[in-house]
Amino acid sequence: MIQKTYHIKEYTEAKLASVLDEVAAMPEYDSSAQILAVMMEQGWDKAVIESKTAMIIKRLPKVQIAGATHFDDLLLMDGPVPNNSILTFMFFDNKAFEIERFELDEGCEEETGSRLGQLIGRHDDPRCLMTLISCVPLDVEKLLAASETEAEAEDILVFGATAGLD
């Protein structure tokens, strides 16, 4: 796997287009079996995020996108929320991942963990699990315990990010 990360400060379409042109020109873009783009968005304006993802999909149709919003000191900010993006592109030689999106509500750890365990159990030799959780208070240990019970997957590496206003 090859990974390349971009931090777009004070986002504009032109800045994102420049990043996407650079990614499209990489030899790995054409040669990879799968490409994952992980978007971390400082703001949470749905229309802005949708326009960014639409541009990525249009310019880089091989890319699959996952992501989350984050809240860098928002409670301490005075004025508008910056429109910054962090984009990490991961290029895989072989089919390596599946993206699943879960709607989360407070107190959903056991149900969601069970669904997550079923997802993991569909794979012959899962190696890791990346979670990106935004805005919902969640007991991650409880969620993972429920997924382990369902998938018997206690040896899987878990990594990722969680963000919220707690």
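Analyst: Happy to. This is a predicted model. To begin, the face of helix 1 turned away from its buried side carries the exposed residues Ala 14 and Ala 25.

User: Which residues of helix 1 are buried, and what arc do they fall within?

Analyst: The buried residues of helix 1 are Leu 16, Ala 17, Val 19, Leu 20 and Val 23. Viewed down the helix axis, these buried residues line one face of the helix, because they fall within an arc of 160°.

User: Which elements cover the buried residues of helix 1?

Analyst: Those buried residues are covered from several parts of the chain. The cover includes strand 1 (2-8), helix 2 (27-31), helix 3 (46-59) and strand 4 (85-92).

User: How are the rings of Tyr 6 and Phe 89 arranged: stacked, tilted or edge-to-face?

Analyst: Planes over 60 degrees apart count as edge-to-face. The ring centres of Tyr 6 and Phe 89 are 6.1 Å apart and their planes stand at 80°, so this pair is edge-to-face.

User: How many residues apart are Tyr 6 and Phe 89?

Analyst: The pair links distant parts of the chain, with Tyr 6 in strand 1 and Phe 89 in strand 4. Their separation is 83 residues.

User: Which residue has its charged end over the ring of Tyr 29?

Analyst: A charge sits over a ring only if it is within 6 Å of the ring centre and within 35 degrees of the ring normal. Here the charged end lies 5.5 Å from the centre of the Tyr 29 ring, and it belongs to Lys 62.

How values were computed
Residues are numbered from 1 along each chain as its sequence is written. This is a predicted model: local features need pLDDT of at least 70, side-chain atom pairs count only at pLDDT 80 or more; totals for chains, interfaces and linings use all residues. Side-chain values use heavy atoms; hydrogens and water are left out. Buried means under 20% relative accessible area, exposed over 50%, partly exposed in between (1.4 Å probe, protein chains only). Helices (H or I, at least four residues) and strands (E, at least two) are DSSP runs, numbered from the N terminus. The arc is that of the directions from the helix axis to the C-beta atoms. Contact means heavy atoms within 4.5 Å. Rings of Phe, Tyr and Trp (its six-membered ring) pair if their centres lie within 6.5 Å; planes under 30 degrees apart count as stacked, over 60 as edge-to-face and the rest as tilted.
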